[in-house]
Amino acid sequence: MESSVIGLRLSLKQRYFLLLCVAAAGIIMYRFTRNHPETRRMNRVEGLRANSSQFTLERKPFLILGGSIHYFRVPRAYWEDRLLKMKACGLNTLTTYVPWNLHEPERGVFKFEDQLDLEAYLRLAASLGLWVILRPGPYICAEWDLGGLPSWLLRDPQMKLRTTYSGFTDAANSFFDEVIKKVVPHQYSKGGPIIAVQVENEYGSYATDENYMPFIKEALLSRGITELLLTSDNKDGLKLGGVKGALETINFQKLDPDEIKYLEQIQPQKPKMVMEYWSGWFDLWGGLHHVYTAEEMIPVVTKILKLDMSINLYMFHGGTNFGFMSGAFAVGLPAPEPMVTSYDYDAPLSEAGDYTNKYHLLRNLFSHYHTQPLPELPPVHERRAYQPAVIQQHISLWDSLRFTDKPFKSERPVNMENLPVNNNNGQSYGYTLYETTITSGGALKSQNNVRDRALVFVDKHFVGVLDYTVQELAVPDGKGKRTLGLLVENCGRVNYGKTLDEQRKGLVGDILLNEHTLRDFNIHSLDMKPAFVNRLESAGHWMSMRHQPSFPGFFHSRLYVNGSPQDTFIKLPGWSKGVVFINGKNLGRYWSTGPQQTLYVPGPWLHRGDNQVIVFEEQETDGKIQFASSPDYGMTIDVQ
């Protein structure tokens with residue numbers, strides 16, 4: 001009746017317009033539901049629950065087939081490709097960490113754009129029909145510098161990370177204020193993909209403050225998190241890592257029936273989940289490349305599923321520790337050992353997004369847990385071994401200092417984090433150069449105060465390396481006043497274990513020459529951020545390679561790309577150790593010590609024509625940059 005009255009009141013033109021609107025709305029709704037089948041099917045009443053021995057979603061049994069892909073380790077242009085390949089493998093849930101140190105690089109300065117657009121990542125997952133388990137930290141481990149905690153926290157000499165120490169909780173609250181308000185609208189109950197949220201990460205292996213986990217749980221709940229809460233620990237950590245009101249999950253690689261029994265004992269009549277089923281392992285500089293064979297892995301995953309356990313593959317696709325973000329490992333070692341740049345992890349989907357034997361076998365296994373056929377496999381991106389790029393110009397480290405902030409003068413050495421740079425947030429990553437005047441040669445002793453590795457120079461001439469193993473060097477004699485320089489590299493902060501509070505970098509105490517304490521330093525911060533690299537690139541101070549280069553130095557070349565850019569790998573035989581920048585982006589560290597011998601270059605970071613390549617090299621070069629179409633991760637070893 002109402003409609004006919006309206007009809008009489010509308011002119012012909014208005015009725016035509018109304019008809020168009022209804023038709024358009026119908027088309028939009030159809031397209032939306034076609035691309036979002038979950039939305040069309042599901043009137044959302046009840047999200048993920050853990051009230052019986054099986055998870056339920058909408059009160060129906062639900063098996064989580066999950067995989068970890070970290071948005072911050074994958075070029076944004078490839079997010080969709082990697083998630084489609086996840087979907088095609090038969091997984092239904094994406095798991096990701098949130099790295100505090102990238103999202104808040106300086107206190108109160110938040111970044112959620114471009115590569116760090118977490119909301120875009122969540123929307124993309126939803127549009128592809130993937131559920132999400134979010135692991136927002138604040139600590140994430142992840143083989144990531146300081147386990148994702150920002151280094152400016154360490155400016156406070158009393159800092160106690162991952163505790164209810166007010167210096168930590170104030171900062172964590174401020175971070176959660178920003179990040180949680182962004183994710184709340186993407187929860188299942190609000191029509192989004194997030195079905196569960198993890199409280200902290202493996203706290204049972206740290207467990208220094210019994211009030212800490214309740215604090216983090218409350219921090220999530222009070223800001224509007226309403227989905228199922230989880231915790232995640234290895235077997236030993238389960239004893240101390242839980243928190244009331246959150247389901248405990250377990251992490252492992254080899255299946256031990258006693259561990260499953262223990263989980264059942266502490267949580268009878270609850271769903272069991274392996275939150276981190278380790279599909280491979282990480283690599284350390286100076287070690288070998290870890291592989292975990294498909295033949296070993298598939299029977300374990302098969303058994304987990306037969307036990308009616310949910311699973312999350314850590315990692316499904318590892319990606320890359322671009323820049324200076326890789327962590328370090330110290331558990332059971334005399335000194336920390338830094339992680340390599342690649343986070344390939346021997347995962348089912350390789351660093352560059354290739355299918356592996358593991359992928360195909362897992363896909364076959366997971367297909368039995370679906371009533372519909374799995375999506376077809378998305379195509380693999382082509383790769384290219386470009387022609388070698390010859391180094392055309394160089395600039396020495398010493399000449400590059402004019403493009404950094406003016407040096408800080410200090411009587412005593414100051415660690416990286418406490419330097420008055422970056423708006424008084426200190427220096428987080430890269431290198432720091434400490435210079436002082438000496439009047440004699442003799443025994444230079446670090447007293448183990450070098451974190452982590454220092455190239456030592458006298459009047460710009462290299463005399464040796466100080467690190468955790470070499471703590472004394474002979475400085476040659478000479479006349480008059482000379483400049484002693486220590487170029488100290490932060491090789492990556494420890495990301496796991498009990499030493500997180502001790503991860504300050506640079507010179508962390510006094511250095512002795514002939515038992516005399518050195519004083520009066522000029523300290524240059526060389527964090528090699530994009531602004532510095534851009535200033536360097538456009539500078540007029542480059543020398544041609546006809547002039548003998550001095551080391552350390554920056555070396556400039558051009559990679560010419562004809563046609564559309566494709567993924568490639570950089571290879572640097574004849575070089576020693578350093579960092580590669582391509583079109584201003586930091587690809588990460590290389591080191592001839594291995595195992596990793598190639599650096600991944602994503603095609604979307606290149607463009608047609610000339611691409612600028614700058615290499616910071618510490619000690620030697622053969623004058624050219626080579627390219628390969630496949631990676632070389634070095635000699636392999638089976639994961640023990």
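Me: Where does asparagine 422 lie, between which two strands?

Reply: The structure is a predicted model, in which local features need pLDDT of at least 70, side-chain atom pairs count only at pLDDT 80 or more, and totals for chains, interfaces and linings use all residues. Residues are numbered from 1 along each chain as its sequence is written, and side-chain values use heavy atoms, with hydrogens and water left out. Helices (H or I, at least four residues) and strands (E, at least two) are DSSP runs numbered from the N terminus. In these terms, asparagine 422 is in the loop between strand E16 (408–410) and strand E17 (431–438).

Me: Is glutamate 200 buried or exposed?

Reply: Glutamate 200 lies in the loop between strand E6 (194–198) and helix H8 (212–221). Its phi is positive, about 55°, although it is not a glycine. With a relative accessibility of 1%, glutamate 200 is buried.

Me: Which proline is joined to glycine 137 by a cis peptide bond?

Reply: The bond in question has omega near 15°. The proline is found in the loop between strand E5 (131–135) and helix H7 (166–183). The residue joined in cis to glycine 137 is proline 138.

Me: What is omega for the cis bond between glycine 594 and proline 595?

Reply: Proline 595 is in the loop between strand E32 (585–591) and strand E33 (598–601). The peptide bond that joins glycine 594 to this proline is cis, with omega of about 10°.

Me: How many residues apart in sequence are the parts tied together by aspartate 452 and lysine 505?

Reply: These two residues form a salt bridge (a side-chain nitrogen of Lys or Arg within 4 Å of a carboxyl oxygen of Asp or Glu), with the closest N and O atoms 2.7 Å apart. Aspartate 452 lies in the loop between strand E19 (450–451) and strand E20 (453–458), and lysine 505 in the loop between strand E23 (482–489) and strand E24 (506–507), so the parts that the pair ties together are separated in sequence by 53 residues.

Me: Which residue forms a salt bridge with lysine 272?

Reply: Lysine 272 is buried, because its relative accessibility is 15%. The closest N and O atoms of the pair are 3.1 Å apart, and the partner is glutamate 264.

Me: What is the N to O distance between aspartate 510 and arginine 519?

Reply: Aspartate 510 is partly exposed at a relative accessible area of 23%, and arginine 519 is likewise partly exposed at 23%. Their side chains meet in a salt bridge with an N to O distance of 2.9 Å.

Me: Which residues does threonine 95 contact beyond its neighbours within four places in sequence?

Reply: Threonine 95 belongs to strand E4 (residues 93–97). It is buried, with a relative accessible area of 0%. Contact means heavy atoms within 4.5 Å; with those neighbours left aside, the residues that threonine 95 touches are Gly67, Ser68, Ile69, Ile133, Arg135 and Asn312.

Note on methods. Buried means under 20% relative accessible area, exposed over 50%, partly exposed in between (1.4 Å probe, protein chains only).
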